[in-house]
Amino acid sequence: MKTLEVNILGSYKLYLKETTYRLQGNLIVLSGINGSGKSQLLRIIAKSGKEPIQRTVKQSQNGASVLLEDILLLSFRDNINLGTDLGTFSVNYKADHAEKAWKFYMDHIRQVPNNTFASKKRSDKYKEDTLIFEDNGTRNTSWWSIKRLVQLLKSNYDDEVVFNLSQPEVERILPPDFIWRDENDIIKQIGNLFYIACCDRVNQQIACSASTEIFDNEKWLKTAPWTILNQLFEDLHFKYRFKKEYIFSTPNMEENPKLRDRLEIRGLTDLSDGEKAILKLALDALDEEISKDIKLVLFDEYDAPLNPSLTEAFYHVIEEFYINKGIQVIIATHSPATISLAPEYAQFYEIFPQERSSPKIIEVNPYDYGELQKANRQFYDKIKNQKERIETLEQQLQVSGHRLFVEDLYDQIYKIAYLKVKGVEGLTEENYEEKFEELSSFSVHGGFSTGGLFSRLTSANITVDRNCVTVGLFDFDAEGYHKFKNLKDKQVNKQKMFLEENESSLKSGLCLKHFQANRYALMLPIPSRLEKYVNTVTSSYCFIEIESLVSEEYLTTNKKAEIATEILPFYKIRDKCKCIFWKDLLNVDKKHFEDFKPLFDKIEALFRSAGQTT
């Protein structure tokens, strides 16, 4: 396992001087609130801040220093302006890149006539190897090329003449494979990568012709960059591909690389921001000029544009192209998906800002993210197969019968409570779902926010409920009552959308019926023991949720429960325990569920009133 030691020698923003951090892991995931210092730490490591940064970075057990050129810093911001098309590429690469090298030499190295100050500033930066930084301290996006150009100049010319060279003198020292790179230019990067590969093939062919060996083009194509990228696209289920072969005769490529969807040409605008980020990541790994010396890759919220499926693609590329090559990776993220889908060998750290002291970085046991990992994994597995997901959703919308939509992930509580009211015993985590389906005449669907429940009931798509009866059940809290009141007042073409039911009351459950569809809006009925705390006037601060219907006698003995407020001295479940509270109810006696009976009586009565049998 690799270790990274960062010694901060000079203060930088939140980080004070003489601060040391040690991060262990081949893949490290950093998280923390906004402003905690995640991005600042990465910029300190990469010396990529707008102000001068003083630090030392050592890696692994031997404590070897990590050089600046050994570090690759990638941010989601790098992919914002990637262009709109894969464009065309220079016919003569040598001349194109030599021209850029000459322009940089003229703008940043060559002496300025009649300006001693400017000339000295340029010569100092050249001698100190700081030309790769802009005047504001940020690293130039062409720093690889600048560094190589300076190395070529220093190895070929003395300082007495190097600041007054002609264009032919600069171009003469550039090798045939010299390329001027912009690390944020994905368009040029693809062309450069393919061009270099074609040059390499020509060199191998020439070497074979001078010997008895026969050049095997089919074997060579298996490692060509476009073949590797196409295989990656296939693994990640991207629909675009490059051609399988490119024709080349030195120094020209006979056609420009293009992404294709079968026979149609596609540009970068056809890729999502997330797909561009994944493509850029793979290109950096395949480009030997960039990746040959890399020991550490830093991702500064690089996952920001990634959808759930691309988060897995992100880790696939990291493992395939970086971790497996011995490169250490650090990811700074805000995304629960990035945390929950990280591979098992990932190491987690959280960053905490402190007043008058540098941020604190604490290692986190992966088990602490257990619930998050489980919930995200279930969700991503559910949506991974798009065809299957569409069929499932369409089937849910078209199914005939009775449906109860409830807030939050409380559907388990409703199902268990229904079975308890009906006197069913012997419930377990494995069998309660099956027993509910066998006994009940309706299905329960959880996971809705209050606003989501409101939107579902007011949907203009009436055909969805043509063969169904739908009940939307709101908690009796400030938000729920507000949405319920909005439903009551909502009009369509000067006609009220929902009409109040005749038997609507706090005790039986406030109830509205859609004027056209088989939809009902229902508030949780209030048990007699809670009537003194709840009425329509006090609804602005009441929060009667489903667990409030479990007897107070039981809730007082449950360690997950607490007094709601001083104003409302009845018990509720602690927020952090709500998602697992349902498991406690499996073996609770039927007598503690008596306050649920009016609720289920009301729901079944609504289904009957709609002309459905129960």
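Start by selecting Arg-356, which sits in the loop between strand S13 (347–354) and strand S14 (357–364). Helices here are DSSP runs of H or I with at least four residues, strands are runs of E with at least two, and both are numbered from the N terminus. Is Arg-356 buried or exposed? Arg-356 is exposed, with a relative accessible area of 84%. (Buried means under 20% relative accessible area, exposed means over 50%, and partly exposed is in between, using a 1.4 Å probe and protein chains only.) Check its backbone too: phi of Arg-356 is near 60°, a positive value in a residue other than glycine. Most residues other than glycine have a negative phi.

A quick word on what you're looking at: this is a predicted model, where local features need pLDDT of at least 70 and side-chain atom pairs count only at pLDDT 80 or more, while totals for chains, interfaces and linings use all residues. Residues are numbered from 1 along each chain as its sequence is written, and side-chain values use heavy atoms, with hydrogens and water left out.

Next, jump to Glu-301, in the loop between strand S11 (296–300) and helix H12 (308–321). Glu-301 also has a positive phi, about 50°, although it is not a glycine. This residue is buried, at a relative accessible area of 16%.

Now colour the sheet that S11 belongs to. It is an open sheet of six strands in the order S6-S11-S12-S3-S13-S14, with mixed pairing. (Two strands pair if DSSP finds at least two bridges between them.) Which strands stand at the edges? They are strand S6 (71–75) and S14, each with a single partner strand, so one side of each has no neighbour in the sheet. On average, neighbouring strands of this sheet are turned by 20° against each other, direction ignored. Zoom in on S11 and strand S12 (residues 328–332): they pair in the parallel sense over five bridges, and Asp-300 stands opposite Ala-332 in S12. Helix H12 packs on the sheet, touching strand S3 (27–31), S11 and S12, and its direction makes about 155° with that of S12. (Contact means heavy atoms within 4.5 Å; axes are lines fitted to C-alpha atoms, for helices over the stretch in contact, and angles run from 0 to 180 degrees between N-to-C directions.)

There's another sheet to select. Strand S4 (residues 55–59) and S5 pair in the antiparallel sense over two bridges, and Lys-58 stands opposite Ser-65 in S5.

Time for some helices. Show helix H16 (residues 411–421) with helix H21 (residues 597–609): they pack at an angle of about 100°, with their axes 10 Å apart. H16 and H21 are therefore roughly perpendicular to each other. (Angles under 35 degrees count as roughly parallel, over 145 as roughly antiparallel, 65 to 115 as roughly perpendicular and the rest as oblique.) To see the contact, show Tyr-414, Ala-417, Tyr-418 and Val-421 of H16 along with Lys-597, Leu-599, Phe-600 and Glu-604 of H21.

Then pick helix H19 (residues 478–489). Which residues of H19 are buried? Gly-480, Tyr-481, Phe-484 and Leu-487 are. Look down the axis of H19: its buried residues fall within an arc of 115°, so they line one face of the helix. (That arc is taken from the directions from the helix axis to the C-beta atoms.) Elements they pack against include helix H18 (450–458) and strand S17 (468–474).

Ser-145 is in helix H4 (residues 143–156) and counts as buried at 2% relative accessibility. Leaving aside neighbours within four places in sequence, Ser-145 is in contact with Phe-178, Ile-179, Trp-180 and Arg-181.

Last, select Glu-562 in strand S25 (residues 561–563). Glu-562 is partly exposed, with a relative accessible area of 29%. Its C-alpha atom is separated by 5.6 Å from that of Lys-572, ten residues apart along the chain.

Finally, zoom out: the protein has 21 helices and 26 strands, and buried residues make up 49% of its 614 residues.

Terms used:
Two strands pair if DSSP finds at least two bridges between them.
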